[in-house]
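Visitor: I am new to this structure and would like to learn how to read it. Please show it to me first.

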Amino acid sequence: MAGGPVFTGKGGKAYPGNLTPYVLATCIVAAMGGLIFGYDIGISGGVTSMSMFLEKFFPDVYRKQNAHSNTNQYCEFDSVPLTLFTSSLYLAALLSSLVASTVTRKFGRKLSMLFGGILFCAGALINAFAKDVAMLIIGRILLGFGIGFANQSVPLYLSEMAPYKYRGALNIGFQLSITIGILIANILNYFFAKIHNWGWRLSLGGAMVPAIIISIGALCLPDTPNSLIERGKNDEAMSKLRRVRGVHDVEDEFNDLVAASETSKLVEHPWRNLLQRKYRPHLTMAIAIPFFQQLTGINVIMFYAPVLFKTIGFKDNAALMSAVITGGVNVLATLVSIYGVDKWGRRFLFLEGGVQMFICQVAVAICIGVKFGTSGALETPLPKWYAIVVVLFICIYVAAFAWSWGPLGWLVPSEIFPLEIRSAAQSINVSVNMFFTFVIAQVFLIMLCHLKFGLFLFFAFFVVVMSVFIYFFLPETKGIPIEEMSMVWKNHWFWGSYIPDDEVHKGGTALEMGVNKNGNSNKSVY
């Protein structure tokens, strides 16, 4: 390939580089960090539908579950200790992601991944041998610490390692791993539920396997060139950049990375700098996208899929098998996103997924409302064909999420941040995600009890709101190198006024501004 950068029709710089087997392998291994998050999502919903688990740790729920069939199905699982068991993990993940920002910036992305794997493994071990609810919650908190570290570092690693032309597809490998983790957990739950008295221990203890995979992977992975430059290892970074790009002439990209790093070092307080006017678009997306991602209602479906199916009339094993089906749909639909994200663009997938999710949520609300009404009492057994219709709509909904808000909720924030605020902004992204995951998990069973089938209409309303937000405020980032992203914001009808003219070079090269100790502006052109 000819040396030097190529300038795209959009005015951006296109660095030479290939999708080499080396970078593909490293991105696949790194993406495995999503397995721990996915496995937990699948397992937590599965074990809370296992009678033997409920009988041991949550006897009140177990008694309500075995009460007369005409009891309120909506409120069957309404239990403060049960929701605390599920949601405590996400509060811990929120806190650890803030700590992970410093570790990721100062010691590299792979060390954060390693910490994530080790902490998650410790939590899985405690949960497998839990004797009371307190042990369960301590284990969940350690799992949360692990997820916070992994979710903060893995998307950054993938975005920095991937050639910009393939960044979308490779970054979505993280979401694919999440969906595979969910599917594996659902399958294991189905079989372990048949083992009386201690099958739930195998489900919870099985989390050690993905934790060991990411821990070993983190030890074997190379650091990203961005991280090496950030820590002053320029010679090693140049060598690594040549290897991951598959071409010798990477001087232009290397020089731009060095310039970005030098600028980032001038920023003494990245957290405070996030509040600067020129970072308003980035901060808005770091908060709004994970906020909206949780209000799609997906984690309600995936956490509580077995519980939800049990509520609408499925038996134990049938509920778990339905969760396996939705997990399989989740994986297949994520492959669609991997194929199309760099072809069709981020905005198209966001908007198409929003329309599809809205239709399905309204349909599910109608289906459940017709059979259960507002009383929540199931007078007659749920017909098989009716249950299949509900599962079908839920599967179409899951597919829509899996090729839109699922992967793009992690991809877009990780690719839009300038280097000087990248680690801090990604921590904001993960923290907001985990905070609202915590809130939704904490209140879902209460909301189901009080809003009943209207809960799905609640989430459908927010799907409309988030789709409108994407249409008007998110620019297309397909095919734009990370270091060129300021061009995208400057050209946007709304955000352009927030980006100073001297932030973007007319030749298409991004400029990042730093502030020195005296408060004066420092400009790096690259």
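Predicted model: local features only at pLDDT ≥ 70, side-chain atom pairs only at ≥ 80, totals over all residues.

Visitor: How far apart are the end C-alpha atoms of helix α12?

Guide: Helices are DSSP runs of H or I with at least four residues, numbered from the N terminus. The expected span of a helix is 1.5 Å times one less than its number of residues. Helix α12 has twelve residues (234–245), so it should span 16 Å, and its end C-alpha atoms are 16 Å apart, which agrees. After α12 comes Gly246, with a positive phi near 75°.

Visitor: Which residues of α12 are buried?

Guide: Buried means under 20% relative accessible area, exposed over 50%, and partly exposed in between, using a 1.4 Å probe and protein chains only. In α12 the buried residues are Ala237, Met238, Lys240, Leu241, Val244 and Arg245. They pack against α1 (21–31), α7 (133–161), α11 (225–230) and α13 (251–266); contact here means heavy atoms within 4.5 Å.

Visitor: How many salt bridges are there?

Guide: Side chains of opposite charge can pair when their charged atoms come close. The rule asks for a side-chain nitrogen of Lys or Arg within 4 Å of a carboxyl oxygen of Asp or Glu. The count is twelve salt bridges.

Visitor: Which parts does the pair Asp40 and Arg140 tie together?

Guide: Asp40 and Arg140 form a salt bridge, at 2.5 Å from N to O. Asp40 is in helix α2 (residues 34–47) and Arg140 in helix α7, so the pair ties together parts 100 residues apart in sequence. Asp40 has 4% relative accessibility and counts as buried; Arg140 is buried too, at 2%.

Visitor: Where do Glu230 and Arg109 lie?

Guide: The closest N and O atoms of Glu230 and Arg109 are 3.1 Å apart, in a salt bridge. Glu230 lies in helix α11 and Arg109 in helix α6 (residues 109–128), so this pair ties together parts 121 residues apart in sequence. Both residues, Glu230 and Arg109, are buried.

Terms used
Residues numbered from 1 in each chain as written. Heavy atoms only, no water. Helix = DSSP H or I, 4+ residues; strand = E, 2+ residues; numbered from the N terminus.
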